[in-house]
Amino acid sequence: MRISAHTVCTAVRDDIVSGAFPPGTRLTEELLARRYGVSRVPVREALRTLESEGFVTTRRNAGACVARLSEHEAADLLDIRAQLEPLGAARAAHRRSEAHLKVLRGLVRLGRERTQLGHTAELRPLGNWFHETLAQASGSPTFAALLVQLRRKVTWLYAAESAYGGEPVERAAAVWREHAAIVDAVARQDAEAARALAAAHVERGDALRRARRAVVVRTAKPVVNTARGPV
């Protein structure tokens, strides 16, 4: 059975977003074809799609590699998120179905259970599923698709900076409390509360990222030149 370029694109994107392929990693058609058990044709098509999405860059004489987000690009991405995710939550409060609420509540329950058990490695995919379901509850396929693509980029940014690596249980528990509060507001159709809670959720996540980056900058060791040159 022929595997489509769309399927390969999804697999490569997931590996980039998860951090399996860190920024700067070369993505040769041969390597990817072996990894996913496909021919080079769908891989070539997938790389073109991922380049158009901003996950991959192609350099002359170097081929395709995983893109690197500049700090300016990261700041723009997070600013857009701060505007769109609260809007999505507010729309969800007006347009959600009982099916959406059932899934959202189930994800909150799973997130809290995994947190209590200390299974923090399982929280990222659950969190992505939560936010994608909340986006779908907005009632607009176009808006939901935009939010999902934005979420992938944000998850990729955090993974590239190891922002989710070793997430403290206390912070993970707080995240799922915030998710639960958003779902409660959506369930009672309180759009303004849903918007405010989502905005606060985004801000707390971004503040944590800024704090971590500040620690990295303060603790970074300067490069020392030696007679041997850089190693």
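## Questions on a predicted chain

Student: What share of the 231 residues of the chain count as buried?
Tutor: This is a predicted model, and burial is judged here by relative accessible area, with a cut-off of under 20%. Of the 231 residues in the chain, the share that counts as buried is 42%.

Student: How many helices and strands does the chain have, and in which order do the elements run?
Tutor: The secondary structure comes to nine helices and two strands. Read from the N terminus on, the order of these elements is α-α-α-β-β-α-α-α-α-α-α.

Student: In which helix is confidence highest, and in which is it lowest?
Tutor: For the chain, the mean pLDDT is 88, and 89% of the residues reach 70 or more. Against that background, confidence is highest in helix H5, residues 98-116, at 97, while the lowest mean, 84, belongs to helix H9, residues 191-219.

Student: Are H2 and H3 roughly parallel or roughly perpendicular to each other?
Tutor: Helix H2, residues 29-36, packs with helix H3, residues 40-53, at an angle of about 115 degrees, and their axes are 9 Å apart. Angles from 65 to 115 degrees fall in one class, so H2 and H3 are roughly perpendicular.

Student: Which residues of H2 and H3 make the contact?
Tutor: H2 passes H3 in a right-handed crossing. By class, their contact has four nonpolar, no polar and four charged residues. From H2 the contact draws on Glu29, Glu30, Leu32 and Ala33, and from H3 on Arg40, Val43, Arg44 and Leu47.

Student: At what angle do H1 and H7 pack?
Tutor: The pair consists of helix H1, residues 5-18, and helix H7, residues 141-160, whose axes are 7 Å apart. Their arrangement is oblique, and the angle between them is about 45 degrees.

Student: How do the residues in the contact of H1 with H7 divide by class?
Tutor: On the H1 side are Arg13, Ile16, Val17 and Ser18, which meet Arg152, Thr155, Trp156 and Ala159 in H7. By class, the residues of this contact divide into four nonpolar, two polar and two charged.

Student: Is aspartate 15 buried or exposed?
Tutor: Aspartate 15 has its place in helix H1, and, leaving aside residues up to four places away in sequence, it touches Ala20, Phe21, Arg35 and Tyr36. Its relative accessible area is 15%, and because the cut-off lies at 20%, aspartate 15 counts as buried.

Student: How far apart in space are isoleucine 80 and leucine 150?
Tutor: Isoleucine 80 is found in helix H4, residues 71-95, and counts as partly exposed at 43% relative accessibility. Although isoleucine 80 and leucine 150 are 70 residues apart in sequence, their distance in space, C-alpha to C-alpha, is 8.3 Å.

Student: What is the phi of glutamine 189?
Tutor: Glutamine 189 lies in the loop between helix H8, residues 169-187, and H9, where it is partly exposed with a relative accessible area of 44%. Although glutamine 189 is not a glycine, its phi is positive, at about 60 degrees.

Methods. Residues are numbered from 1 along each chain as its sequence is written. This is a predicted model: local features need pLDDT of at least 70, side-chain atom pairs count only at pLDDT 80 or more; totals for chains, interfaces and linings use all residues. Side-chain values use heavy atoms; hydrogens and water are left out. Axes are lines fitted to C-alpha atoms, for helices over the stretch in contact, and angles run from 0 to 180 degrees between N-to-C directions. Helices (H or I, at least four residues) and strands (E, at least two) are DSSP runs, numbered from the N terminus. Angles under 35 degrees count as roughly parallel, over 145 as roughly antiparallel, 65 to 115 as roughly perpendicular and the rest as oblique. A crossing is left-handed if the near helix is turned anticlockwise from the far one by less than a right angle, and right-handed if clockwise. Contact means heavy atoms within 4.5 Å. Ala, Val, Leu, Ile, Met, Phe, Trp, Tyr, Cys and Pro count as nonpolar, Asp, Glu, Lys and Arg as charged, and the others, Gly among them, as polar. pLDDT is the predictor's confidence in each residue, from 0 to 100. Buried means under 20% relative accessible area, exposed over 50%, partly exposed in between (1.4 Å probe, protein chains only).
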